[in-house]
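Subject: the structure for you to look at

Hi,

Here is the structure I promised to pass on. Have a look, and then read on for what turned up.

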Amino acid sequence: MNIKLLGAAAAAGALAAGCGGVGGEAERHAAVIAANCLDCHNSLEQVADLNLEALSLDAVESDAEIWEKVIGKLRAGLMPPAGGPTLDREVRDTLVAWIEDEIDSNAETHLPAPGLHRLNRTEYTNAIRDLLALDVDATTFLPPDDSSHGFDNMAGTLTTSPALMEAYLSAAGRISRLAIGTETAATLAVFDVPHDTSQNHHIEGLPFGTRGGMLIEHEFPADGEYVFTVKGMTGYFTRVLGNVEGEKLEVTIDGERVYLYDWDSEIGNQEGNGGRTPPIPVSAGFHKVGVTFIATSDLPDTGLNKSFVRTMNSPGAISGYTFYPHVGQVFIEGPYNGRPATSSQSRDKIFECYPESVREEHACAREIISTLAGTAFRRPATDADLEEIMGFFVAGREDGGSFDHGIEAALQRILADPEFIYRSEIEPAEVPAGSPYRISDLELASRLSFFLWSSIPDQELIRLGSENRLHEPDVLRQQVERMIADPRSAAFIENFTGQWLNVRGIKAVEPVVDLFPNFDSTLREAYRREIELFFASIIHEDRSILDLLTADYTFVNERLARHYGIPDVYGSQFRRVELGPELDERRGLLGKGALLTITSDAARTSPVKRGKWFLETFLGISPPDPPPGVETDLAPVEGEAPKTLRARLEAHRTDPNCASCHKIFEPMGLAMENFDAVGKWRTEDAGNPIDPTGVTNDGTPLDGVRSLRELTVQNGELFAQVVTEKLLTYAIGRGLEYQDMPLIRSITRSAAENDYRFSSLLMGVIESPAFTMNMKSGTSKE
């Protein structure tokens, strides 16, 4: 039986007849599609290059790629278009469920291997930390990583070039010297305070009773003496800003004061040249350097002297106006009189033994190299590995004249090895081409660690992988729970939210200073931290992923609480606060300032950006870009009376080139208009009351952010599916295709039985064939 989609007249007859039986079920759905879709998507019109008349409903799986696109549009309520036929929600959901079931029940296994996977900069940094207990900044060694499918850990985009390999080789040499502590040549490290940093209050991590300055995390390369130079924030003609006299600035190392500046004589009067400390002895390794003012004076903040929160906007030239000086730059020079390190965090980790005589060196070196190579290569080191790397130890020992130089040479060889730089998975020879197979437990250990830690597996994972036990369901679940509880899982939270929600983009946001004089780097950092703490609470409390939409709590410090209008929050530390009815607009992701700021322009809100972001983030739909040549500038016309942004957007709804798309996403963006371009709540725009009302494509009325949040809840299953797609993409390091959608739906439906708790989605991804299996390359001979 070949059930083609019917014309409109035949569709009406089929609907009236009822069409019983299995074939009748397909005919009923064909009639619904014909009545609601074929006016546009027929063989003559083919709107959006889609001809549904050519498809057959008795073999939906054969056109799965097309039907998956149809499912997405219908699920999100974007089709039929506004002004066209009205499709009852229950009828729509029944149709979609039937199409999905037809595809899923006939789906074939889709398990393409992600491919050779180079470590990105974040993974490289974390791998060095976990291998060597050494904190390095990979951005100083390696170029930026490309992104695709929303993430920068996609195997297909992490390609290699001769220049990049040269960078990895250079990094291996520098890092091995830092780790062993033989980098005794003096270097200069420069740390800039962001120009929009506010320094009138205490900065978290610095001693209590201080204000402003900066906290620096620095790896000191060797034992020796270091000189610190501090420069003040400057204005025009390099004049150091700030006119409060008598300020004292302390330099601390790991919380202990090592120098106290008199600001006026040593820094403030140096015309921007800064003040240098005498040489200060510092041991090799990681230290926290604090540069901060002693809080001994309190400026009144009333009347003429009331400053902006972004303190560097304050008009210091106004007579009678006073404001604090600010730290602008910190330089760390050294080591002078440098000596190879004898103790540091990295040396303590590397040297699990140390020879007392030349006779003991070979055995000790082999023990050290076995551990380093096994951890770096994510598998137990073989005799062949050790034989080759021991050759580098011997050569380094002879050239450098010490055991330490031999270990340094061996370490450099390990860090330059492709097995460290790349993640590869070996296809078993006995598996026929085109057949699925389970990846090895050691490969599973790497997939887990790079997914949840953005780093190499630890010894417990490697041990379980070597014993071929990691894939056992109870063992696997226990390890996932352990890894999520480990502090290293913060990398997952930071990298996943940073890219899925584009929280990383907040760093580049620069609202127009004249319009938003209180926006500063302190608020920017608070925005980022709020999102990370909020997402972390979902994970660690194993809450429903739908709580991302509705949670009645958030995390704030004093700076963010002031911006949100939350009273009685003091200090730089973040704490959890409940959101009562008076703060209802801040519930869930829709109320988070970071996301509202990222989706705005520098000078105004952008209902277009926000509407598109809403569709992509909550419904999984990517609207098309504007046609070429379409005017998108909404700047006010000179001499024209002020208009709300909604009024200026009216052109989108009257221009036929724009209206067909803008009516899909613009109502969602306008529903968020009560948030300004930096996420602050407002009731007016250009002196006129804000009108956040609208109607979605499927007729759902909107009257502000609360109704928009209710819309996300109504589409909770779709949101959970979007989160699952993002999790799986990030986990396996490849973009998903239409063939992956049956698996996505299976994971999501299973999680629904447990109220979409995060652990259900996470384990669904980790236990899925896409995460634990590959397809053997080549074509099956059968």
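You will find glutamine 46 in the loop between helix 2 (21-37) and helix 3; helices (H or I, at least four residues) and strands (E, at least two) are DSSP runs, numbered from the N terminus.

Before the rest, some ground rules. This is a predicted model, where local features need pLDDT of at least 70, side-chain atom pairs count only at pLDDT 80 or more, and totals for chains, interfaces and linings use all residues. Residues are numbered from 1 along each chain as its sequence is written, and side-chain values use heavy atoms, with hydrogens and water left out.

Aspartate 254 also has a positive phi without being a glycine, at about 55°. Aspartate 254 sits in the loop between strand 5 (248-253) and strand 6 (256-262), and at 44% relative accessibility it counts as partly exposed.

Now the cis peptides. One joins methionine 79 and proline 80, with omega about -5°, and proline 80 is in the loop between helix 3 (64-75) and helix 4 (89-105). Another runs from glycine 334 to proline 335, with omega near 5°; proline 335 lies in strand 10 (residues 327-339).

On to the cysteines. Searching the whole structure gives 1 disulfide (a pair of cysteine sulfur atoms within 2.5 Å). The partners are cysteine 353 and cysteine 364, with sulfur atoms 2.1 Å apart. The torsion about their S-S bond is about 115°, so the disulfide is right-handed. Cysteine 353 lies in the loop between helix 8 (345-350) and helix 9 (361-376), and cysteine 364 in helix 9, so the pair ties together parts that are 11 residues apart in sequence. Both cysteine 353 and cysteine 364 are buried. Cysteine 37, in contrast, is in no disulfide, and its nearest cysteine sulfur, that of cysteine 40, is 8.7 Å away. Cysteine 37 counts as buried at 17% relative accessibility, while cysteine 40 counts as partly exposed at 30%.

Next, the rings. There are 31 aromatic pairs (rings of Phe, Tyr and Trp, the last by its six-membered ring, with centres within 6.5 Å; planes under 30 degrees apart are stacked, over 60 edge-to-face and the rest tilted). One to look at is phenylalanine 451 with phenylalanine 492: the centres are 5.6 Å apart and the planes at 85°, so the pair is edge-to-face. This pair links distant parts of the chain, with phenylalanine 451 in helix 13 (residues 441-452) and phenylalanine 492 in helix 16, 41 residues apart. Phenylalanine 451 and phenylalanine 492 are both buried.

Charges over rings turn up too (NZ of Lys or CZ of Arg within 6 Å of the ring centre and within 35 degrees of the ring normal). Arginine 211 lies over the face of phenylalanine 293, 4.1 Å from the ring centre. The charged end of arginine 488 sits over the ring of tryptophan 453, 3.8 Å from its centre.

Cheers

Conventions: Buried < 20%, exposed > 50% of the residue type's maximum accessible area, 1.4 Å probe, protein only.
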